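Here is a short report on one chain fold. Please keep the sequence and the 3D view open while reading.

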Amino acid sequence: MDAAAVLVCALNLLGRSAASMPPVELLVHRPPDVSANAEAFVRHGSGTISVLTDTATFRSAACGPGPGTSLVKLASILAHEASHVRDGPGERLAYEAQLRTLLRLGVHPKSRLYSGVEAAMRVAVANQQRREKQDAEAALAHHPEPTLPLLPGTSDRDGPDELPTSRGQISGTTPRGLW
Ligand SMILES: [Zn+2]
């Protein structure tokens with residue numbers, strides 16, 4: 001099926017008119033700095049959602065009658081990336097928007113699709129917190145402030161360095177500069 005037609009069907013499923021969504025572009029080739037398991041991304045400050053067409057999800061997505069799991073997943077990915085355009089790089093917000101979309105489209109919270117997105121969320125949020133912590137520590141190393149406690153108020157947010165989820169299951173980390 002024509003990639004542009006699949007995209008239109010996913011947007012229709014979301015129920016968003018073209019005007020209320022950020023611009024979406026289809027990419028046939030994965031840019032070298034985009035991780036191997038990313039299905040879509042937003043570059044910082046670009047305001048455009050880039051959707052990779054050479055992915056298992058996109059290739060198996062097809063328009064109705066009755067949206068299949070892949071089209072539903074594609075629609076939820078668009079909701080995730082639209083959150084990044086609207087709300088910034090926070091992975092928690094973006095995944096929450098994605099999970100809400102899955103529920104709205106009738107996906108069961110115990111389904112493989114839903115729990116897969118939840119697992120990806122845990123990994124992405126943990127990775128993002130670890131990067132923020134490293135950046136903060138690097139900043140402190142350059143500008144030591146020995147009279148102040150280190151990063152007051154952030155200790156309980158950081159949580160454990162590793163979550164029980166095996167990082168091997170969902171390998172890629174998002175390179176810096178991409179959401
Ligand atoms: Zn994201």
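The largest nonpolar core holds 27 residues, and Ala10, Leu71, Leu74, Ala75 and Leu78 touch the most other members. A nonpolar core here is a set of buried Ala, Val, Leu, Ile, Met, Phe, Trp, Tyr and Cys residues joined through C-beta atoms within 7 Å. Buried means 20 or more other C-beta atoms within 10 Å of a residue's own; exposed means 12 or fewer, and partly exposed is in between, with C-beta atoms placed from the backbone. Helix 1 (3-14), strand 2, strand 3, helix 3, helix 4 and helix 5 each give two or more residues to this core. Helix 3 gives the largest share, eight residues. In soluble globular proteins, nonpolar side chains tend to be buried together.

This is a predicted model: local features need pLDDT of at least 70, side-chain atom pairs count only at pLDDT 80 or more, and totals for chains, interfaces and linings use all residues. Residues are numbered from 1 along each chain as its sequence is written. Helices (H or I, at least four residues) and strands (E, at least two) are DSSP runs, numbered from the N terminus.

Leaving aside neighbours within four places in sequence, Ala75 is in contact with Ala10, Leu13, Leu14, Thr101 and Leu105. Contact means that two C-beta atoms, placed from the backbone, lie within 7 Å.

Three strands form an open sheet in the order 1-3-2, with mixed pairing. Two strands pair if DSSP finds at least two bridges between them. Strand 1 and strand 2 each have a single partner strand, so one side of each is left without a neighbour in the sheet. The twist averages 25 degrees from one strand to the next.

| Strand pair | Direction | Bridges | A bridge pair |
|---|---|---|---|
| Strand 1 (residues 24-27) and strand 3 (residues 49-52) | parallel | four | Leu26 and Val51 |
| Strand 2 (residues 40-42) and strand 3 | antiparallel | three | Val42 and Ile49 |

Strand 2 and strand 3 form a hairpin with six residues between them. Gly45 in the turn has a positive phi of about 80 degrees. Helix 3 lies across strand 1, strand 2 and strand 3, at about 10 degrees to strand 2.

**Helix 4 and helix 5**

The axes of helix 4 (residues 91-104) and helix 5 (residues 112-142) come within 9 Å and cross at roughly 175 degrees. Axes are lines fitted to C-alpha atoms, for helices over the stretch in contact, and angles run from 0 to 180 degrees between N-to-C directions. That makes helix 4 roughly antiparallel to helix 5 (angles over 145 degrees count as such). The contact divides into nine nonpolar, two polar and three charged residues. Ala, Val, Leu, Ile, Met, Phe, Trp, Tyr, Cys and Pro count as nonpolar, Asp, Glu, Lys and Arg as charged, and the others, Gly among them, as polar.

**Around helix 2**

Arg59 is found in helix 2 (residues 56-60). Arg59 is partly exposed, with 13 other C-beta atoms within 10 Å. A cis peptide bond joins Gly64 and Pro65, with omega about 5 degrees. Pro65 lies in the loop between helix 2 and helix 3 (69-87).

Note on methods
Parallel < 35°, antiparallel > 145°, perpendicular 65-115°, else oblique.
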